[in-house]
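Please view the sequence and the model before reading the points below.

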Amino acid sequence: MDVRRSAERYPGGDPQAGIQSWHAFSFGPHYDPDNLRFGAVIACNEERLAPGAGFDEHPHSHTEIITWVVEGELSHRDSTGHLTRVRPGDVQRLSTGDGVRHVERNDSDSPLTFVQMWLAPMEPGGEPSYGIVHGIADSTPYAVPEAGAMLHVRRLTPGERTAVPDAVHVYVHVVRGEVSLGGEKLGPGDAARITDARDLVVEAATGAELLMWEMT
């Protein structure tokens with residue numbers, strides 16, 4: 001198990017434009033050949049947008065993009081005609097296929113924080129597609145078969161325990177709260193990269209929210 005602390009993430013974004021970014025993997029000018037991916041996960045970015053701030057239209061291709069809003073409301077528009085507002089508890093997925101363009105903005109009067117995870121598909125290309133699940137229930141798995149991955153969202157009460165999936169690769173990201181995993185204490189923004197996970201359990205020290213990727 002390889003634990004990565006929130007303080008180790010690479011800073012990015014454009015603070016003067018109201019954009020703060022924190023990257024868990026090699027990203028943009030922060031090139032690290034030893035931190036390019038884990039399993040299918042190639043990016044796990046925490047984005048903080050001030051009211052009125054956002055990312056203007058930009059392209060993506062050959063990537064599965066999953067977005068999880070922590071607080072606030074994300075306005076999303078893509079070149080295939082989808083226009084949505086993503087709120088806490090929603091799972092948004094953009095399969096970029098051969099190429100798609102999108103805009104992500106905070107059009108509200110409150111700060112916005114979201115976690116965005118990029119996964120590499122097993123086969124590149126294809127037609128872009130879009131989907132959103134509003135208010136996904138706790139413990140409901142969300143499959144991304146194109147990347148051989150399954151997302152598990154867990155919301156834990158203090159003292160509650162949950163099993164880590166047994167899998168070749170598991171990526172655990174702590175959205176909020178404090179938990180213990182394999183003898184390690186993890187807090188907001190911390191992550192654990194687990195290879196050949198077997199019989200592991202997460203225990204919440206406080207109320208907590210976790211995103212766990214199970215990957216073949």
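The lining of the largest pocket comprises 4 nonpolar, 7 polar and 2 charged residues. The model described here is predicted. The points below treat the pocket, the cavity and the salt bridges in turn.

**Largest pocket**
- The volume of the largest pocket is about 190 Å³.
- Its lining consists of 13 residues, and those nearest the centre are His23, Phe27, Glu47, Phe55 and Trp118.
- Two or more lining residues come from each of the strands β3 (19–23), β4 (41–49), β5 (54–60) and β11 (112–119).

**Cavity**
- The whole structure contains 1 cavity of 30 Å³ or more, and the largest cavity has a volume of about 50 Å³.
- Residues lining the largest cavity include Arg4, Arg9, Cys44, Tyr171 and Asp190.
- By class, this lining has 4 nonpolar, 2 polar and 3 charged residues.

**Salt bridges**
- The count of salt bridges comes to 18.
- One of them joins the side chains of Asp190 and Arg5 at 3.0 Å, N to O. Asp190 lies in the loop between β18 (184–186) and β19 (191–197), and Arg5 in the loop between β1 (2–4) and β2 (10–14), 185 residues apart.
- Asp190 is buried, at 8% relative accessible area, whereas Arg5 is partly exposed, at 28%.
- Arg5, Glu184 and Asp190 form a network of salt bridges.
- Glu57 and Arg77 also meet in a salt bridge, at 3.9 Å, N to O. Glu57 is in strand β5 and Arg77 in strand β7 (residues 74–78), so this pair ties together parts 20 residues apart in sequence.

How values were computed: Residues numbered from 1 in each chain as written. Predicted model: local features only at pLDDT ≥ 70, side-chain atom pairs only at ≥ 80, totals over all residues. Heavy atoms only, no water. 1 Å grid on protein atoms, 1.4 Å probe; cavity = no way out; pocket = protein on both sides within 12 Å on 5 of 7 lines; lining within 4 Å. Points joined across faces, edges and corners; volume = space filled by probe spheres on them. Nonpolar A, V, L, I, M, F, W, Y, C, P; charged D, E, K, R; others polar. Helix = DSSP H or I, 4+ residues; strand = E, 2+ residues; numbered from the N terminus. Salt bridge = Lys/Arg side-chain N within 4 Å of Asp/Glu carboxyl O. Buried < 20%, exposed > 50% of the residue type's maximum accessible area, 1.4 Å probe, protein only.
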